[in-house]
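Below is a briefing on one model, grouped by topic. Please view the sequence and the structure first.

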Amino acid sequence: MKITKTQLRKIIKEELLREASSIYNEHDEYMEEYAYALGNSLSASPPLAREISALLAEQYPKSSEALMKGFKAGEDRLADQYIDM
């Protein structure tokens, strides 16, 4: 069975896309902890946190979610500090 140049290109493209997807998943899992910490530190700046989360969402959904969880935790911490005053 012969493979045409077009078929070979398609196979290579599919493999590269599969590899890229795997790399994004690995990076996403690695970045979760840091995204949470970043979100926590952005608790006084809701628009910035939302914008960064939106930018991450397409390629790094876990990191985007972690950033917003960190942001919410930081907001709760700030609210507790002001309530205790």
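## Salt bridges and helix packing

Lys 62 and Glu 29 are joined by a side-chain salt bridge, with N and O 3.0 Å apart; a salt bridge here is a side-chain nitrogen of Lys or Arg within 4 Å of a carboxyl oxygen of Asp or Glu. This pair links distant parts of the chain, since Lys 62 belongs to helix α3 and Glu 29 to helix α1, 33 residues apart. The model is predicted: local features need pLDDT of at least 70, side-chain atom pairs count only at pLDDT 80 or more, and totals for chains, interfaces and linings use all residues. Residues are numbered from 1 along each chain as its sequence is written, and side-chain values use heavy atoms, with hydrogens and water left out.

**Salt bridges**

- The whole structure holds 3 salt bridges.
- The classes are buried (under 20% relative accessible area), exposed (over 50%) and partly exposed (in between), using a 1.4 Å probe and protein chains only.
- Glu 15 pairs with Arg 18, the closest N and O atoms lying 2.7 Å apart.
- Both Glu 15 and Arg 18 are in helix α1, 3 residues apart, or about one turn of the helix. Helices are DSSP runs (H or I, at least four residues), numbered from the N terminus.
- Glu 15 is partly exposed at 39% relative accessible area, whereas Arg 18 counts as exposed at 52%.
- Lys 69 and Glu 65 form a salt bridge with an N to O distance of 3.3 Å.
- Lys 69 and Glu 65 both sit in helix α3, 4 residues apart, about one turn of the helix. Glu 65 is partly exposed, with a relative accessible area of 48%.
- An α-helix has 3.6 residues a turn, so residues three or four places apart point the same way.

**Helix α2**

- Helix α2 covers residues 46-57, and its 12 residues should span 16 Å at 1.5 Å a residue; the end C-alpha atoms are 16 Å apart, which agrees. The expected span is 1.5 Å times one less than the number of residues.
- Which residues of α2 are buried? They are Ala 49, Ser 53 and Leu 56.
- Seen down the axis of α2, these buried residues fall within an arc of 65 degrees, so they line one face of the helix. The arc is taken from the directions from the helix axis to the C-beta atoms.
- Pro 47, Ala 54 and Leu 55 are exposed, on the face of α2 turned away from its buried side.
- The buried residues of α2 pack against α1 and α3, where contact means heavy atoms within 4.5 Å.

**Helix α3**

- At 1.5 Å a residue, the 23 residues of α3 should span 33 Å, in agreement with the 33 Å between its end C-alpha atoms.
- Ser 63, Ser 64, Ala 66, Leu 67, Gly 70, Phe 71 and Gly 74 are the buried residues of α3.
- These buried residues of α3 pack against α1 and α2.

- Ser 53, in helix α2, is buried with a relative accessible area of 8%. Apart from neighbours within four places in sequence, Ser 53 is in contact with Ser 64, Leu 67 and Met 68.
- Ser 53 and Glu 29 are 24 residues apart in sequence and 15 Å apart in space, C-alpha to C-alpha.
- Ser 64, in helix α3, is buried at 7% relative accessible area. With neighbours within four places set aside, Ser 64 is in contact with Ser 53, Leu 56 and Ala 57.
- Leu 56, in helix α2, is buried at 19% relative accessible area. Not counting residues up to four places away in sequence, Leu 56 touches Met 31, Pro 61, Ser 63, Ser 64 and Leu 67.
- Leu 56 and Thr 6 are 50 residues apart in sequence and 34 Å apart in space, C-alpha to C-alpha.

Notes
Helices (H or I, at least four residues) and strands (E, at least two) are DSSP runs, numbered from the N terminus.
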